[in-house]
Amino acid sequence: MIGVVTFLFIVICWGAFLFMFNRDRSRYRNCYLMALALFSIFPFLWSVGGDGTKIFTIVLVDIIIIAILIVPFFLIFNGIVMMKKEGRQLAHMLSLALGIMIFIGEVATASIFLRDLVTNGIGLKKGHSIREIIDILVSSSVIYFSVSFLIFMIYVVFLQVVPKKKNFDYIIIHGAGLLDGDRVPRLLGNRIDKAIAVYRMDPTPTKIIPSGGQGTDESVSEAEAMKRYLIKEGVPEGDIIMEDRSTTTLENISYSKAIIDSDGPNKYTALVTSNYHVYRALRYAKKCGLKCTGIGSHVAFYYWPSALIREYIAIHAEKKHAVMLVAGWICYVGLSFYLTHNLFV
């Protein structure tokens, strides 16, 4: 009976996720529906798998715990590497800051349990000191936001591996800043290379739209620099349509959509940007009414953590998501205080 119930639970969870994902890949709720679907697998395996599955799960949990303990040190190291390679701008210090925050949260969590062991060991009732309140608040906050970020990260990675169609009418390439005013940097070069690969695999005639205006420190528009790169790589000039007015991702998509709409209805588009940026680009495409598939290009591994943290912050800067995130945090912190009081007092 338990096996049937857990099987129905996993069917409902995966069915809800796949339905919503197929309907709209840009919805934020997909992140949590996917996390719930993945979690639903474990109760089912426990109910039907016997002792072998339980041992495997225990080993997996131990590995996860060890990984969690290592994460802050990895992020701190990554932050140092990021600053050395990219400079000491605030945006490049995000992985370092997150690593320090997680480490503080782990220390606070350990402090809670160690204090309980000490007080129970000598027969004392646990008090409610300011230090204890701060430890619980810090621990629960770090756990909450870390899990939230992990759920977001898993979904962003999933978007990269899900199969994509290969029949497009247009390919939009999102711009990025130029070097020395007119040279394509590696980050943007990777986007263009990915777009060229999609273009060459497409069995139907496809147009490429390099999208990006000219910054105050640039001698040409990003679109012009990308066009030169494309032509140098063998893409016919007739298959390139520049969008050279935009200054933001939203404008990239909005102005490019205007070009596509001028060619008629029912056009399907590939939206090529860096892999960490695909999810947010899809959200903007949804706002603009652009029917598309998001395709991510390669990004240097050291660059990825800080870039993904920026994307997480940008998503939650939207009012609706900020309210939901804070409301969830308040509920979780309240639950943490309640459980700590009832379990450890």
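**Entry 1: helices H7 and H8**

I began with helix H7 (residues 249-261) and helix H8 (residues 278-288), whose axes come within 9 Å and cross at roughly 45°. I noted that axes are lines fitted to C-alpha atoms, for helices over the stretch in contact, and that angles run from 0 to 180 degrees between N-to-C directions. Angles under 35 degrees count as roughly parallel, over 145 as roughly antiparallel, 65 to 115 as roughly perpendicular and the rest as oblique. H7 and H8 are therefore oblique to each other.

I also looked up the hand of the crossing, and H7 passes H8 in a right-handed one; a crossing is right-handed if the near helix is turned clockwise from the far one by less than a right angle, and left-handed if anticlockwise.

For the contact (heavy atoms within 4.5 Å), I listed Thr249, Leu250, Ile253, Ser254 and Lys257 on the H7 side, which meet Ala281, Tyr284, Ala285 and Cys288 in H8. By class this contact has 6 nonpolar, 2 polar and 1 charged residues, where Ala, Val, Leu, Ile, Met, Phe, Trp, Tyr, Cys and Pro count as nonpolar, Asp, Glu, Lys and Arg as charged, and the others, Gly among them, as polar.

**Entry 2: what I am working with**

This is a predicted model, in which local features need pLDDT of at least 70 and side-chain atom pairs count only at pLDDT 80 or more, while totals for chains, interfaces and linings use all residues. Residues are numbered from 1 along each chain as its sequence is written, and side-chain values use heavy atoms, with hydrogens and water left out.

I found 10 helices and 4 strands in the chain, taking helices (H or I, at least four residues) and strands (E, at least two) as DSSP runs numbered from the N terminus. The C-alpha trace spans about 80 × 50 × 35 Å along its principal axes.

**Entry 3: the partners of H4**

I turned to H4 and H8, whose axes come within 9 Å and cross at roughly 80°, which makes H4 roughly perpendicular to H8. From H4, the residues Phe152, Tyr155, Val156, Leu159 and Gln160 make the contact with Val278, Tyr279 and Leu282 of H8.

H4 and H9 pack at an angle of about 105°, with their axes 11 Å apart, and that makes H4 roughly perpendicular to H9. Among the residues that meet here are Phe145, Phe149 and Met153 in H4 and Trp304, Leu308 and Tyr312 in H9. The contact of H4 with H9 divides into 11 nonpolar, 2 polar and 1 charged residues.

I searched on a 1 Å grid over the protein atoms alone, where a cavity is a set of points where a 1.4 Å probe fits but cannot get out, and a pocket is an open set with protein on both sides within 12 Å along at least five of seven lines; lining residues have an atom within 4 Å of a point. Grid points are joined across faces, edges and corners, and a volume is the space filled by probe spheres set on the points.

About 1400 Å³ of space lies in the largest pocket. Of its 34 lining residues, Ile64, Ile68, Ser146, Val147 and Leu150 are the closest to its centre. H2 gives the largest share of this lining, 16 residues, and the lining divides into 29 nonpolar, 4 polar and 1 charged.

I found 1 cavity of 30 Å³ or more, and the largest cavity holds about 30 Å³ of space. Its lining is made by Arg25, Leu159, Val162, Lys164, Val278, Leu282 and Gly294, of which 4 are nonpolar, 1 polar and 2 charged.
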